[in-house]
There are 2 protein chains.
Amino acid sequence: MLVGIGPGSTDHMTARARAAIAEADTIIGYVTYIKLVADLIEGKEIIRKSMTEELDRAIESLARAREGKKVALISSGDAGVYGMAGPTFEVLFQAGWTPPAFDGHGVVEPGGIEVEIVPGASAINSCAARVGAPLTHDFCAISLSDLLTPWPTIARRLDAAALADFVVALYNPKSGRRTRQIEEAQRLFLRHRSPDTPVAIVKSAYRRRERIEFATLATMCEADIGMLSTVLIGNSNTIVRHGLMVTPRGYANKYDVEGGGTTLAGERPGRSLSTGLNGWLENLQLDHAAGESIETLARRHRLPADYIRDTLAQPLAAEAVATTEEEA
Amino acid sequence: MLVGIGPGSTDHMTARARAAIAEADTIIGYVTYIKLVADLIEGKEIIRKSMTEELDRAIESLARAREGKKVALISSGDAGVYGMAGPTFEVLFQAGWTPPAFDGHGVVEPGGIEVEIVPGASAINSCAARVGAPLTHDFCAISLSDLLTPWPTIARRLDAAALADFVVALYNPKSGRRTRQIEEAQRLFLRHRSPDTPVAIVKSAYRRRERIEFATLATMCEADIGMLSTVLIGNSNTIVRHGLMVTPRGYANKYDVEGGGTTLAGERPGRSLSTGLNGWLENLQLDHAAGESIETLARRHRLPADYIRDTLAQPLAAEAVATTEEEA
């Protein structure tokens, strides 16, 4: 059982995570995470590993499972997000493991080792909850650790996320040795984003030593950032008000939010924006027919010229008819 | 209380989410989410809203809170990820609300309306848990709904995420009316990614009608995709094996994973890769000194030329000395 324990306080652990730990014969995890669940593991076999021993944790888990033990491998946050789920499947595949045959109703062939992943709130979810509503819409998670990832890969992702105006959560932003990565991230962001972009640095969310600091893209490197910090960088609409970081969801594109909530001219509640896909496609055809070049249109919409060209070559489809309830 | 109830089975709800619902006088939410917590809300005031009434839910919550009611506003997944936290703060700010003064120890000034966000596992976490370990590393969440977001904004994010090789979760991929958005997403991805890229379509994870389907970037649009689906698109390293979608974490960059796990030549356990930031900076300086142009280096590393130029202009810093335990 790959158990995501959430931010670290038992309050924010799921019932299934708690039950998985209770069912387990053996608990394996990084020492710090083991401490977070100390009151749930009395009387069990405990295997504490250091931070560098991720593959060891997975190998040890497989060995115990082969002995017939029920193993809970603990991750903080979500086991699937920079957690133990990935390394464990890598080790399992490498060891020739195959999942036990399921009959489609959850019945497992005897003898096989079954793997269950117990999801939890990742740092991005818990840190966001502590500062307001910074995500609310499209976001990226990027780890600044270059211990397993080449720097150009990380830099390309930072550049892309900054350019496309994602809200970004930086995991592993800084450590004793890795101090320059966060400065490089800042430099890459400043090529596309305003220095005033709100930034929140959240350390140990929901734990005893929780610390929240607000900064801007220009000042973020002066903040206290460490191995237990997550850095949240807003998008171009993100605001900080009354000590809360909030990214508006886009209601102002459709409603007169300041003036009583009436629908703006040309917009319809429950329907795509006039600048949504269908409206945009129509206007693109009209603008092109009126003589605007593909290059002009590509620059205006900040999209690749070949995408604009291919789009113009496709017929306009009539809007589909709704068959079920639609969204806001 | 803005309560993220997780994927929808009470097993995967946190203790705090359960307690918040138990404490509440009034429960407000989309009808489907109210059904998911039906067994926890007997005897309470229940306000069911339709999917299009997000702002109404927030306005109603504020009105009840002003009457002195303790309100639980329910979101599926995480309240902060395409959930009710964003719209609620927008409504609160609009109504002139300010957070009650805290004395730093959680004591609230009498009379103020206090807001608590209860984080939960978002669809990205729960869907990932059901298909293997597709995230494990850098990822993006992108909503294909154009009801509040102009299409060029969505298209730019799809293009950037595809180019920078993120694992991507598409929220709101398709509805009765919005059928072409997913095809456009596919087209934007195919400009940068292999048609064989693994894709998983997860519907109603952990709920009664859960359905998981694997596809590729080339075939994804033939899958059964609807309002309750999340579409997970792998990165260039993602594999599907034995019915599990897994994105390797990068151990193969440092260790001889196939041949017993020894460290590769030039690499050190617990330290940055030789192609990590410091190693990359050194090599960049050497290559440039050997006569390679900024343009050649930019093309090789697929990074903007001005970033390469600025990087070359900066002095090389000595590697910082670790002060605390480092990561893997």
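Predicted model: local features only at pLDDT ≥ 70, side-chain atom pairs only at ≥ 80, totals over all residues.
**Exercise 1.** Give the strand order of the five-stranded open sheet in chain B, and explain why one side of each edge strand is left without a neighbour.

*Solution.* Step 1: The order is E3-E2-E4-E1-E5, and the pairing is parallel.
Step 1: Strands E3 (45–49) and E5 (117–118) of chain B are at the edges; each has a single partner strand, which means that one side of each has no neighbour in the sheet.
Step 2: Within the sheet, E1 (residues 2–4) and E4 (residues 71–75) of chain B pair in the parallel sense over three bridges.
Step 3: In this pairing Leu2(B) stands opposite Leu73(B) of E4(B).
Step 4: Helix H3 (residues 54–66) of chain B packs on the sheet and touches strand E2 (26–30), E3 and E4 of chain B. The direction of H3 makes about 175° with that of E2(B).

**Exercise 2.** Describe the interface between chain A and chain B by its contacts and its buried area.

*Solution.* Step 1: On chain A, 123 residues are in contact with 123 residues of chain B.
Step 1: About 11600 Å² is buried between the two chains, with carbon and sulfur atoms giving 58% of this area.
Step 2: Leu148(A), Arg157(A) and Arg177(A) supply 8% of the area that chain A buries against chain B, more than any other three residues.
Step 3: There are 56 residue pairs in polar contact between the chains, counting pairs with both residues at pLDDT 80 or more.
Step 4: The side of chain A that touches chain B comprises 57 nonpolar, 37 polar and 29 charged residues.
Step 5: A strand pairing also joins the chains: E7 (residues 139–143) of chain A and E7 (residues 139–143) of chain B pair in the antiparallel sense over three bridges. Here Phe139(A) stands opposite Ala141(B) in E7(B).

**Exercise 3.** How many salt bridges are there over all chains, and how many between chain A and chain B?

*Solution.* Step 1: The total over all chains is 40 salt bridges.
Step 1: Between chain A and chain B the count is four.
Step 2: A salt bridge between the chains joins Arg191(B) to Asp306(A), with the closest N and O atoms 2.6 Å apart.
Step 3: A salt bridge within chain A joins Glu23(A) to Lys70(A), with the closest N and O atoms 3.0 Å apart.
Step 4: This second pair links distant parts of the chain, 47 residues apart. Glu23(A) belongs to helix H1 (residues 15–23) of chain A, whereas Lys70(A) is in the loop between helix H3 (54–66) and strand E4 (71–75) of chain A.

Definitions and conventions:
Residues numbered from 1 in each chain as written. Chains lettered and ligands numbered in written order. Heavy atoms only, no water. Contact = heavy atoms within 4.5 Å. Buried area = accessible area lost by both parts, 1.4 Å probe. Salt bridge = Lys/Arg side-chain N within 4 Å of Asp/Glu carboxyl O. Polar contact = N/O pair within 3.5 Å; in protein donor to acceptor, adjacent residues only side chain to side chain. Nonpolar A, V, L, I, M, F, W, Y, C, P; charged D, E, K, R; others polar. Pairing = 2+ DSSP bridges. Helix = DSSP H or I, 4+ residues; strand = E, 2+ residues; numbered from the N terminus. Axes fitted to C-alpha atoms, helices over the stretch in contact; angles between N-to-C directions.
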